[in-house]
Amino acid sequence: MTWIHPLAPGCGESADVLGGKGHGLVVLRRLSLPVPPGFVIGTRACRAFLRDGRFPDGLDAELATAVRALEDATGRRFGSGDGRPLAVAVRSGAAVSMPGMMDTVLNLGLTAEATAALAAETGDPDFAHETRRRFLDGFPAASVPDDAMGQLHAAVRAVFASWHSPRATTYRELNRIPHDLGTAVIVQAMVFGNRDEHSGSGVAFSRDPNTGAKAPFGDVLFGRQGDDVVSGRSTTRPLSNLADREPAVWERLVAALHRLERHYRDACHVEFTFEAGDLWFLQVRPGGLTGRAAVRTAVDLADDRLIDRRTALRRISLRHLQDARTPRIDTGDGIDLLTRGRGACPGVVSGRIAVTADQAARMAADGPVILVRPVTSPLDMHGLAAAAGVATSRGGPTSHAAVVARAMGKPAVVDAAGLTVDTAADHVRIGERVVPSGTLITIDGTGGEIALGNPRITTGTADVHLHRLLAWADEVSGDRSQRSDQDRLSAAHARL
(Lines give C-alpha, C1' and ligand atoms only; values in the text may rest on other atoms or scores of the structure.)
Protein backbone atom coordinates (compact mmCIF):
# COMPACT_ATOMS: atom_id res chain seq x y z
CA MET A 1 0.00 0.00 0.00
CA THR A 2 1.19 3.52 -0.80
CA TRP A 3 1.05 5.80 2.24
CA ILE A 4 2.48 9.01 0.74
CA HIS A 5 1.15 10.96 -2.25
CA PRO A 6 2.73 13.84 -4.20
CA LEU A 7 1.18 17.31 -4.32
CA ALA A 8 0.97 17.07 -8.08
CA PRO A 9 -1.73 17.82 -10.68
CA GLY A 10 -1.86 14.17 -11.74
CA CYS A 11 -2.59 12.85 -8.25
CA GLY A 12 -5.86 11.00 -8.62
CA GLU A 13 -6.62 10.50 -4.94
CA SER A 14 -9.77 11.96 -3.39
CA ALA A 15 -10.20 14.20 -0.36
CA ASP A 16 -11.00 11.06 1.65
CA VAL A 17 -7.35 10.04 1.19
CA LEU A 18 -5.54 13.38 0.84
CA GLY A 19 -7.75 15.30 3.28
CA GLY A 20 -9.53 18.48 2.28
CA LYS A 21 -6.39 20.59 2.58
CA GLY A 22 -4.23 18.21 0.55
CA HIS A 23 -6.89 17.85 -2.13
CA GLY A 24 -7.22 21.64 -2.33
CA LEU A 25 -3.47 21.98 -2.82
CA VAL A 26 -3.63 19.54 -5.73
CA VAL A 27 -6.41 21.68 -7.26
CA LEU A 28 -4.24 24.77 -6.85
CA ARG A 29 -1.36 23.02 -8.62
CA ARG A 30 -3.71 21.85 -11.38
CA LEU A 31 -4.74 25.48 -11.92
CA SER A 32 -1.04 26.46 -12.16
CA LEU A 33 -1.22 28.57 -9.00
CA PRO A 34 1.93 28.78 -6.84
CA VAL A 35 2.08 26.12 -4.12
CA PRO A 36 5.21 25.24 -2.10
CA PRO A 37 6.44 21.76 -3.08
CA GLY A 38 5.56 18.97 -0.72
CA PHE A 39 3.75 15.68 -0.18
CA VAL A 40 0.77 14.23 1.71
CA ILE A 41 0.75 11.36 4.18
CA GLY A 42 -2.73 9.99 3.58
CA THR A 43 -5.55 9.35 6.03
CA ARG A 44 -5.04 5.56 5.75
CA ALA A 45 -1.68 5.94 7.50
CA CYS A 46 -3.33 7.87 10.32
CA ARG A 47 -5.99 5.23 10.82
CA ALA A 48 -3.31 2.53 10.92
CA PHE A 49 -1.29 4.54 13.45
CA LEU A 50 -4.31 5.10 15.69
CA ARG A 51 -5.18 1.40 15.51
CA ASP A 52 -1.68 0.01 16.14
CA GLY A 53 0.07 2.81 18.02
CA ARG A 54 2.95 2.95 15.52
CA PHE A 55 3.73 3.92 11.93
CA PRO A 56 2.46 1.33 9.46
CA ASP A 57 5.06 -0.87 7.75
CA GLY A 58 6.74 0.95 4.91
CA LEU A 59 5.92 4.50 6.00
CA ASP A 60 9.44 5.20 7.31
CA ALA A 61 10.97 4.27 3.93
CA GLU A 62 8.40 6.26 1.96
CA LEU A 63 8.98 9.27 4.22
CA ALA A 64 12.73 9.17 3.58
CA THR A 65 12.13 8.91 -0.17
CA ALA A 66 9.63 11.80 -0.11
CA VAL A 67 12.07 14.02 1.77
CA ARG A 68 14.83 13.31 -0.76
CA ALA A 69 12.43 14.24 -3.58
CA LEU A 70 11.58 17.46 -1.75
CA GLU A 71 15.28 18.25 -1.41
CA ASP A 72 15.71 17.74 -5.15
CA ALA A 73 12.70 19.94 -5.93
CA THR A 74 13.91 22.82 -3.76
CA GLY A 75 17.68 22.51 -4.15
CA ARG A 76 17.95 22.47 -0.35
CA ARG A 77 19.03 19.90 2.22
CA PHE A 78 16.88 18.89 5.17
CA GLY A 79 18.47 19.82 8.48
CA SER A 80 21.78 20.51 6.79
CA GLY A 81 24.39 22.88 8.15
CA ASP A 82 25.94 23.26 4.70
CA GLY A 83 24.65 25.47 1.93
CA ARG A 84 20.90 26.06 1.75
CA PRO A 85 18.90 24.34 4.54
CA LEU A 86 15.38 23.02 4.00
CA ALA A 87 12.71 23.74 6.60
CA VAL A 88 9.18 22.36 6.29
CA ALA A 89 5.67 22.96 7.57
CA VAL A 90 3.76 19.97 8.94
CA ARG A 91 -0.01 20.50 8.89
CA SER A 92 -3.06 18.38 9.57
CA GLY A 93 -5.82 18.09 7.00
CA ALA A 94 -8.91 15.97 7.57
CA ALA A 95 -11.41 15.25 4.80
CA VAL A 96 -13.87 17.56 6.60
CA SER A 97 -12.59 20.95 7.74
CA MET A 98 -11.76 21.09 11.46
CA PRO A 99 -10.23 24.59 11.84
CA GLY A 100 -7.38 24.65 14.31
CA MET A 101 -8.44 21.45 16.07
CA MET A 102 -5.24 19.47 15.40
CA ASP A 103 -1.53 20.16 15.65
CA THR A 104 0.56 22.17 13.19
CA VAL A 105 4.35 22.58 13.25
CA LEU A 106 6.12 25.34 11.29
CA ASN A 107 9.84 25.80 10.57
CA LEU A 108 10.61 22.14 11.25
CA GLY A 109 14.12 21.07 10.33
CA LEU A 110 15.85 24.09 11.82
CA THR A 111 18.40 22.21 13.86
CA ALA A 112 21.16 24.24 15.47
CA GLU A 113 23.37 23.67 12.40
CA ALA A 114 20.59 24.43 9.92
CA THR A 115 19.77 27.65 11.75
CA ALA A 116 23.38 28.79 11.46
CA ALA A 117 23.29 27.94 7.74
CA LEU A 118 20.04 29.91 7.29
CA ALA A 119 21.60 32.91 9.02
CA ALA A 120 24.62 32.71 6.68
CA GLU A 121 22.42 32.27 3.59
CA THR A 122 20.13 35.22 4.35
CA GLY A 123 22.68 37.44 6.05
CA ASP A 124 20.07 37.94 8.77
CA PRO A 125 20.92 36.05 12.00
CA ASP A 126 17.99 37.66 13.85
CA PHE A 127 15.52 36.25 11.31
CA ALA A 128 17.09 32.78 11.48
CA HIS A 129 17.13 32.60 15.27
CA GLU A 130 13.62 34.05 15.63
CA THR A 131 12.33 31.46 13.17
CA ARG A 132 14.00 28.63 15.11
CA ARG A 133 12.54 30.01 18.35
CA ARG A 134 9.06 29.89 16.84
CA PHE A 135 9.67 26.27 15.85
CA LEU A 136 10.77 25.29 19.35
CA ASP A 137 7.84 27.13 20.97
CA GLY A 138 5.32 25.48 18.64
CA PHE A 139 6.65 21.92 18.75
CA PRO A 140 3.94 19.67 20.29
CA ALA A 141 6.31 17.33 22.16
CA ALA A 142 8.29 18.06 25.36
CA SER A 143 11.70 16.95 23.96
CA VAL A 144 12.74 18.29 20.61
CA PRO A 145 15.20 16.13 18.69
CA ASP A 146 18.09 18.04 17.10
CA ASP A 147 18.07 15.92 13.95
CA ALA A 148 15.63 16.89 11.22
CA MET A 149 14.23 13.42 10.45
CA GLY A 150 13.69 12.80 14.15
CA GLN A 151 11.77 16.07 14.33
CA LEU A 152 9.66 15.07 11.32
CA HIS A 153 8.79 11.65 12.73
CA ALA A 154 7.82 13.19 16.08
CA ALA A 155 5.70 15.87 14.41
CA VAL A 156 3.82 13.39 12.21
CA ARG A 157 3.09 11.20 15.24
CA ALA A 158 1.85 14.26 17.14
CA VAL A 159 -0.48 15.30 14.31
CA PHE A 160 -1.87 11.76 14.04
CA ALA A 161 -2.39 11.60 17.81
CA SER A 162 -4.11 14.99 17.90
CA TRP A 163 -7.04 13.42 16.01
CA HIS A 164 -8.14 12.05 19.40
CA SER A 165 -7.45 15.23 21.37
CA PRO A 166 -10.41 16.43 23.48
CA ARG A 167 -10.81 19.58 21.37
CA ALA A 168 -10.92 17.63 18.10
CA THR A 169 -13.30 15.05 19.52
CA THR A 170 -15.63 17.75 20.81
CA TYR A 171 -15.60 19.54 17.44
CA ARG A 172 -16.48 16.33 15.59
CA GLU A 173 -19.32 15.57 17.97
CA LEU A 174 -20.76 19.06 17.56
CA ASN A 175 -20.53 18.91 13.78
CA ARG A 176 -21.50 15.23 13.39
CA ILE A 177 -18.18 14.29 11.81
CA PRO A 178 -17.38 10.55 12.03
CA HIS A 179 -14.63 9.69 14.49
CA ASP A 180 -13.04 7.03 12.29
CA LEU A 181 -11.92 9.18 9.34
CA GLY A 182 -8.45 10.13 10.56
CA THR A 183 -6.39 13.04 9.26
CA ALA A 184 -3.89 13.43 6.47
CA VAL A 185 -0.58 15.19 7.14
CA ILE A 186 0.73 17.74 4.65
CA VAL A 187 4.50 18.34 4.56
CA GLN A 188 5.63 21.34 2.50
CA ALA A 189 8.72 23.44 2.07
CA MET A 190 8.47 26.51 4.30
CA VAL A 191 7.65 29.91 2.88
CA PHE A 192 8.65 32.61 5.36
CA GLY A 193 6.11 35.37 5.88
CA ASN A 194 8.47 36.84 8.47
CA ARG A 195 11.41 37.07 6.05
CA ASP A 196 11.50 40.84 5.43
CA GLU A 197 9.37 43.96 4.90
CA HIS A 198 8.04 42.54 1.63
CA SER A 199 6.77 39.37 3.31
CA GLY A 200 3.63 38.48 5.20
CA SER A 201 0.66 36.14 5.57
CA GLY A 202 -3.09 36.30 5.33
CA VAL A 203 -6.48 34.74 4.72
CA ALA A 204 -8.60 35.89 1.79
CA PHE A 205 -12.22 35.19 0.79
CA SER A 206 -13.39 35.74 -2.76
CA ARG A 207 -16.50 37.39 -1.27
CA ASP A 208 -17.39 38.92 2.09
CA PRO A 209 -18.31 35.86 4.22
CA ASN A 210 -20.81 37.90 6.24
CA THR A 211 -22.68 39.72 3.46
CA GLY A 212 -21.76 37.91 0.25
CA ALA A 213 -20.60 41.16 -1.37
CA LYS A 214 -18.48 40.37 -4.43
CA ALA A 215 -15.15 41.81 -3.30
CA PRO A 216 -12.02 40.21 -1.80
CA PHE A 217 -12.25 40.13 1.99
CA GLY A 218 -9.91 38.99 4.72
CA ASP A 219 -6.96 39.73 6.96
CA VAL A 220 -3.26 40.26 6.42
CA LEU A 221 -0.18 40.69 8.59
CA PHE A 222 3.09 42.04 7.26
CA GLY A 223 6.35 40.46 8.37
CA ARG A 224 4.56 37.62 10.18
CA GLN A 225 3.83 33.94 9.72
CA GLY A 226 0.39 32.48 9.07
CA ASP A 227 -0.28 31.18 12.57
CA ASP A 228 -0.25 34.79 13.81
CA VAL A 229 -3.21 35.54 11.52
CA VAL A 230 -5.43 32.56 12.27
CA SER A 231 -4.69 32.41 16.00
CA GLY A 232 -5.97 35.93 16.61
CA ARG A 233 -2.99 36.72 18.83
CA SER A 234 -2.14 39.73 16.68
CA THR A 235 -4.39 42.51 15.46
CA THR A 236 -4.59 42.00 11.73
CA ARG A 237 -5.06 44.55 8.97
CA PRO A 238 -7.84 44.49 6.38
CA LEU A 239 -6.87 42.57 3.27
CA SER A 240 -7.21 45.73 1.18
CA ASN A 241 -4.03 47.06 2.83
CA LEU A 242 -2.15 44.59 0.64
CA ALA A 243 -3.07 46.64 -2.45
CA ASP A 244 -1.14 49.63 -1.08
CA ARG A 245 1.84 47.79 0.42
CA GLU A 246 2.39 45.05 -2.17
CA PRO A 247 0.36 45.86 -5.32
CA ALA A 248 1.89 43.05 -7.39
CA VAL A 249 1.00 40.47 -4.72
CA TRP A 250 -2.52 41.96 -4.49
CA GLU A 251 -3.09 41.69 -8.25
CA ARG A 252 -1.98 38.05 -8.33
CA LEU A 253 -4.14 37.24 -5.30
CA VAL A 254 -7.28 38.84 -6.77
CA ALA A 255 -6.75 37.07 -10.10
CA ALA A 256 -6.33 33.74 -8.30
CA LEU A 257 -9.50 34.23 -6.25
CA HIS A 258 -11.44 34.93 -9.43
CA ARG A 259 -10.04 31.82 -11.08
CA LEU A 260 -10.78 29.65 -8.04
CA GLU A 261 -14.36 30.91 -7.76
CA ARG A 262 -15.00 30.01 -11.37
CA HIS A 263 -13.41 26.60 -10.86
CA TYR A 264 -15.43 25.74 -7.75
CA ARG A 265 -18.50 27.68 -8.95
CA ASP A 266 -18.73 28.91 -5.39
CA ALA A 267 -17.21 31.47 -3.07
CA CYS A 268 -13.89 30.25 -1.69
CA HIS A 269 -11.20 31.25 0.74
CA VAL A 270 -7.45 30.75 0.78
CA GLU A 271 -4.58 30.93 3.19
CA PHE A 272 -1.52 32.54 1.64
CA THR A 273 1.99 33.67 2.40
CA PHE A 274 4.23 36.00 0.46
CA GLU A 275 8.00 35.93 0.87
CA ALA A 276 10.12 38.76 -0.51
CA GLY A 277 7.25 39.70 -2.85
CA ASP A 278 6.51 36.16 -4.11
CA LEU A 279 2.97 34.86 -3.46
CA TRP A 280 2.32 31.26 -2.35
CA PHE A 281 -0.95 29.47 -1.53
CA LEU A 282 -1.19 27.11 1.43
CA GLN A 283 -4.86 26.16 1.42
CA VAL A 284 -8.12 26.62 -0.49
CA ARG A 285 -11.66 25.72 0.49
CA PRO A 286 -15.03 26.59 -1.03
CA GLY A 287 -17.80 28.09 1.11
CA GLY A 288 -17.44 29.19 4.72
CA LEU A 289 -20.25 31.79 4.47
CA THR A 290 -22.98 32.88 6.84
CA GLY A 291 -26.62 32.43 5.87
CA ARG A 292 -27.11 35.91 4.45
CA ALA A 293 -23.88 35.66 2.46
CA ALA A 294 -24.71 32.17 1.19
CA VAL A 295 -28.08 33.39 -0.17
CA ARG A 296 -26.56 36.38 -1.95
CA THR A 297 -23.71 34.31 -3.37
CA ALA A 298 -26.03 31.60 -4.69
CA VAL A 299 -28.21 34.20 -6.42
CA ASP A 300 -25.22 36.09 -7.85
CA LEU A 301 -23.61 32.91 -9.18
CA ALA A 302 -26.89 31.98 -10.86
CA ASP A 303 -27.04 35.45 -12.41
CA ASP A 304 -23.49 34.93 -13.69
CA ARG A 305 -24.57 31.53 -15.11
CA LEU A 306 -21.90 29.68 -13.18
CA ILE A 307 -24.71 27.61 -11.61
CA ASP A 308 -28.39 27.20 -12.44
CA ARG A 309 -31.29 28.21 -10.19
CA ARG A 310 -31.92 24.66 -9.02
CA THR A 311 -28.31 24.37 -7.86
CA ALA A 312 -28.66 27.72 -6.09
CA LEU A 313 -31.70 26.40 -4.20
CA ARG A 314 -29.95 23.15 -3.27
CA ARG A 315 -27.07 25.12 -1.72
CA ILE A 316 -29.34 26.97 0.72
CA SER A 317 -30.30 25.05 3.85
CA LEU A 318 -33.03 25.90 6.34
CA ARG A 319 -30.30 27.07 8.70
CA HIS A 320 -29.00 29.45 6.03
CA LEU A 321 -32.53 30.78 5.67
CA GLN A 322 -32.94 31.35 9.39
CA ASP A 323 -29.69 33.31 9.47
CA ALA A 324 -30.52 35.39 6.40
CA ARG A 325 -32.92 37.73 8.22
CA THR A 326 -30.27 39.18 10.49
CA PRO A 327 -31.47 41.05 13.61
CA ARG A 328 -29.53 44.07 14.88
CA ILE A 329 -29.10 45.88 18.19
CA ASP A 330 -31.03 49.15 18.18
CA THR A 331 -28.25 51.65 18.94
CA GLY A 332 -30.61 54.56 19.52
CA ASP A 333 -31.35 56.31 22.80
CA GLY A 334 -31.26 54.23 25.95
CA ILE A 335 -28.61 51.70 24.94
CA ASP A 336 -25.73 51.13 27.38
CA LEU A 337 -23.02 50.46 24.81
CA LEU A 338 -19.92 49.01 26.45
CA THR A 339 -17.67 48.89 23.39
CA ARG A 340 -17.60 48.08 19.70
CA GLY A 341 -15.40 45.62 17.81
CA ARG A 342 -15.68 44.02 14.38
CA GLY A 343 -18.62 41.82 13.51
CA ALA A 344 -17.36 38.33 12.63
CA CYS A 345 -20.56 36.27 12.47
CA PRO A 346 -24.00 37.93 12.17
CA GLY A 347 -26.72 37.61 14.76
CA VAL A 348 -27.68 39.09 18.11
CA VAL A 349 -27.53 37.09 21.33
CA SER A 350 -27.71 37.87 25.05
CA GLY A 351 -25.98 35.95 27.80
CA ARG A 352 -23.93 36.20 30.95
CA ILE A 353 -20.21 36.93 30.69
CA ALA A 354 -17.84 33.97 31.12
CA VAL A 355 -14.13 34.79 31.01
CA THR A 356 -12.78 31.24 30.58
CA ALA A 357 -13.90 28.23 28.58
CA ASP A 358 -14.29 26.16 31.75
CA GLN A 359 -16.47 28.87 33.27
CA ALA A 360 -18.61 29.03 30.14
CA ALA A 361 -19.16 25.27 30.20
CA ARG A 362 -20.25 25.41 33.86
CA MET A 363 -22.47 28.47 33.57
CA ALA A 364 -24.24 27.33 30.40
CA ALA A 365 -26.24 24.80 32.44
CA ASP A 366 -28.15 27.74 33.95
CA GLY A 367 -28.77 29.80 30.81
CA PRO A 368 -27.09 31.47 27.80
CA VAL A 369 -23.46 32.51 28.17
CA ILE A 370 -21.19 34.82 26.15
CA LEU A 371 -17.57 33.66 26.16
CA VAL A 372 -15.37 36.77 26.41
CA ARG A 373 -11.66 36.15 25.82
CA PRO A 374 -8.57 38.02 24.58
CA VAL A 375 -8.42 35.34 21.82
CA THR A 376 -9.68 31.79 21.54
CA SER A 377 -7.71 28.67 20.71
CA PRO A 378 -8.59 25.03 20.09
CA LEU A 379 -8.23 24.50 23.85
CA ASP A 380 -11.36 26.65 24.30
CA MET A 381 -13.50 24.35 22.16
CA HIS A 382 -15.68 23.11 25.02
CA GLY A 383 -16.42 26.69 26.06
CA LEU A 384 -17.19 27.75 22.50
CA ALA A 385 -19.54 24.79 22.20
CA ALA A 386 -21.38 25.75 25.38
CA ALA A 387 -21.56 29.50 24.70
CA ALA A 388 -24.34 31.23 22.79
CA GLY A 389 -21.85 33.73 21.35
CA VAL A 390 -18.23 34.86 21.60
CA ALA A 391 -16.38 38.16 21.87
CA THR A 392 -12.61 38.66 21.74
CA SER A 393 -10.45 41.71 22.31
CA ARG A 394 -7.97 40.76 19.59
CA GLY A 395 -7.98 39.01 16.23
CA GLY A 396 -9.81 39.67 13.00
CA PRO A 397 -12.69 38.16 11.03
CA THR A 398 -10.52 35.21 9.95
CA SER A 399 -9.18 34.43 13.44
CA HIS A 400 -9.88 31.15 15.23
CA ALA A 401 -12.84 32.63 17.13
CA ALA A 402 -14.43 34.00 13.96
CA VAL A 403 -13.94 30.86 11.86
CA VAL A 404 -15.29 28.52 14.53
CA ALA A 405 -18.24 30.81 15.30
CA ARG A 406 -19.23 30.92 11.62
CA ALA A 407 -18.93 27.14 11.38
CA MET A 408 -21.22 26.80 14.40
CA GLY A 409 -23.60 29.61 13.41
CA LYS A 410 -22.98 31.60 16.60
CA PRO A 411 -22.77 35.42 16.71
CA ALA A 412 -19.22 36.68 17.20
CA VAL A 413 -17.47 40.00 17.78
CA VAL A 414 -13.69 40.24 17.44
CA ASP A 415 -11.08 42.99 17.80
CA ALA A 416 -12.97 44.76 20.57
CA ALA A 417 -9.84 46.72 21.40
CA GLY A 418 -11.39 48.59 24.33
CA LEU A 419 -11.99 45.31 26.14
CA THR A 420 -9.58 43.83 28.70
CA VAL A 421 -10.20 40.35 30.10
CA ASP A 422 -8.89 39.71 33.62
CA THR A 423 -9.38 36.03 34.43
CA ALA A 424 -7.66 36.30 37.82
CA ALA A 425 -10.05 39.05 38.96
CA ASP A 426 -12.98 37.35 37.20
CA HIS A 427 -14.09 40.42 35.29
CA VAL A 428 -13.70 42.40 32.09
CA ARG A 429 -12.69 46.03 31.95
CA ILE A 430 -13.78 48.65 29.43
CA GLY A 431 -11.76 51.78 30.09
CA GLU A 432 -12.31 52.50 33.77
CA ARG A 433 -15.47 50.44 33.88
CA VAL A 434 -15.36 47.00 35.50
CA VAL A 435 -17.96 44.40 34.50
CA PRO A 436 -17.91 41.16 36.55
CA SER A 437 -18.37 37.73 35.03
CA GLY A 438 -21.99 36.68 35.24
CA THR A 439 -23.18 40.10 34.05
CA LEU A 440 -25.78 40.02 31.28
CA ILE A 441 -24.56 41.48 27.98
CA THR A 442 -25.72 41.41 24.36
CA ILE A 443 -23.47 41.16 21.32
CA ASP A 444 -24.25 42.04 17.70
CA GLY A 445 -22.17 39.95 15.30
CA THR A 446 -22.98 42.25 12.38
CA GLY A 447 -22.14 45.70 13.71
CA GLY A 448 -19.73 44.55 16.40
CA GLU A 449 -21.58 46.19 19.30
CA ILE A 450 -21.33 44.86 22.86
CA ALA A 451 -24.06 46.29 25.10
CA LEU A 452 -25.01 45.87 28.74
CA GLY A 453 -28.22 44.01 29.53
CA ASN A 454 -31.02 43.39 27.03
CA PRO A 455 -31.17 46.33 24.57
CA ARG A 456 -33.92 46.70 21.98
CA ILE A 457 -33.52 44.49 18.92
CA THR A 458 -34.62 45.43 15.42
CA THR A 459 -35.99 42.60 13.30
CA GLY A 460 -33.98 41.80 10.20
CA THR A 461 -35.75 42.20 6.89
CA ALA A 462 -35.32 40.08 3.80
CA ASP A 463 -33.13 41.66 1.14
CA VAL A 464 -33.63 41.48 -2.60
CA HIS A 465 -31.49 38.35 -2.94
CA LEU A 466 -33.63 36.39 -0.47
CA HIS A 467 -36.83 37.58 -2.19
CA ARG A 468 -35.49 36.35 -5.54
CA LEU A 469 -34.35 33.00 -4.16
CA LEU A 470 -37.75 32.36 -2.58
CA ALA A 471 -39.46 33.29 -5.84
CA TRP A 472 -37.35 30.62 -7.56
CA ALA A 473 -38.43 28.19 -4.82
CA ASP A 474 -42.09 28.94 -5.58
CA GLU A 475 -41.50 28.33 -9.29
CA VAL A 476 -39.98 24.91 -8.56
CA SER A 477 -42.65 23.86 -6.07
CA GLY A 478 -45.53 25.35 -8.07
CA ASP A 479 -47.05 26.69 -4.84
CA ARG A 480 -47.39 30.47 -4.56
CA SER A 481 -49.54 30.54 -1.43
CA GLN A 482 -48.46 32.71 1.48
CA ARG A 483 -46.29 30.55 3.72
CA SER A 484 -43.18 30.89 5.85
CA ASP A 485 -39.79 31.17 4.19
CA GLN A 486 -38.84 27.75 5.56
CA ASP A 487 -41.95 26.11 4.13
CA ARG A 488 -41.32 27.66 0.72
CA LEU A 489 -37.73 26.39 0.60
CA SER A 490 -38.69 22.96 1.96
CA ALA A 491 -41.34 22.57 -0.73
CA ALA A 492 -38.78 23.41 -3.41
CA HIS A 493 -36.20 20.98 -1.94
CA ALA A 494 -38.83 18.23 -2.06
CA ARG A 495 -39.15 18.74 -5.82
CA LEU A 496 -35.41 19.02 -6.61
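The structure holds seven aromatic pairs; rings of Phe, Tyr and Trp (its six-membered ring) pair if their centres lie within 6.5 Å. The model is a predicted one, in which local features need pLDDT of at least 70 and side-chain atom pairs count only at pLDDT 80 or more, while totals for chains, interfaces and linings use all residues. Residues are numbered from 1 along each chain as its sequence is written, and side-chain values rest on heavy atoms, with hydrogens and water left out.

A pair of aromatic rings is described by the distance of the centres and the angle of the planes. Planes under 30 degrees apart count as stacked, over 60 as edge-to-face and the rest as tilted. The rings of Phe 49 and Phe 160 have centres 5.4 Å apart and planes at 40°, so this pair is tilted. Because Phe 49 belongs to helix α2 and Phe 160 to helix α6, the pair ties together parts that are 111 residues apart in sequence. Helices (H or I, at least four residues) and strands (E, at least two) are DSSP runs, numbered from the N terminus. Both Phe 49 and Phe 160 are buried, where buried means under 20% relative accessible area, exposed over 50% and partly exposed in between (1.4 Å probe, protein chains only). Together with Phe 55, Phe 49 and Phe 160 form one aromatic cluster.

Another pair, Phe 127 with Phe 192, is edge-to-face, with 5.4 Å from centre to centre and 85° between the planes. Phe 127 lies in helix α5 (residues 125-138) and Phe 192 in the loop between β7 and β8 (200-205), so this pair ties together parts that are 65 residues apart in sequence. Phe 127 counts as buried at 4% relative accessibility, and Phe 192 is buried with a relative accessible area of 9%.

Axes are lines fitted to C-alpha atoms, for helices over the stretch in contact, and angles run from 0 to 180 degrees between N-to-C directions; angles under 35 degrees count as roughly parallel, over 145 as roughly antiparallel, 65 to 115 as roughly perpendicular and the rest as oblique. In this contact (heavy atoms within 4.5 Å), Ala 45, Cys 46, Phe 49 and Leu 50 of α2 meet Arg 157, Phe 160 and Ala 161 of α6.

The strands come next. Strands of a sheet pair through backbone hydrogen bonds, either parallel or antiparallel; two strands pair if DSSP finds at least two bridges between them. Five strands form an open, antiparallel sheet in the order β1-β2-β7-β5-β6. Its edge strands, β1 (4-6) and β6 (104-108), each pair on one side only. The twist averages 25° from one strand to the next. Three bridges join strand β5 (residues 88-94) to β6, and Arg 91 stands opposite Thr 104 in β6. Helix α1 (residues 15-30) packs on this sheet, touching β1, β2 (38-41), β5 and β7 (183-189). Helix α2 also packs on the sheet, touching β1, β2 and β7.

A further open sheet has three strands in the order β20-β21-β22, with antiparallel pairing. β20 (419-422) and β22 (433-436) stand at the edges with a single partner strand each, so one side of each is left without a neighbour in the sheet. Four bridges join β20 to β21 (residues 427-430), and Asp 422 has His 427 as its bridge partner in β21.
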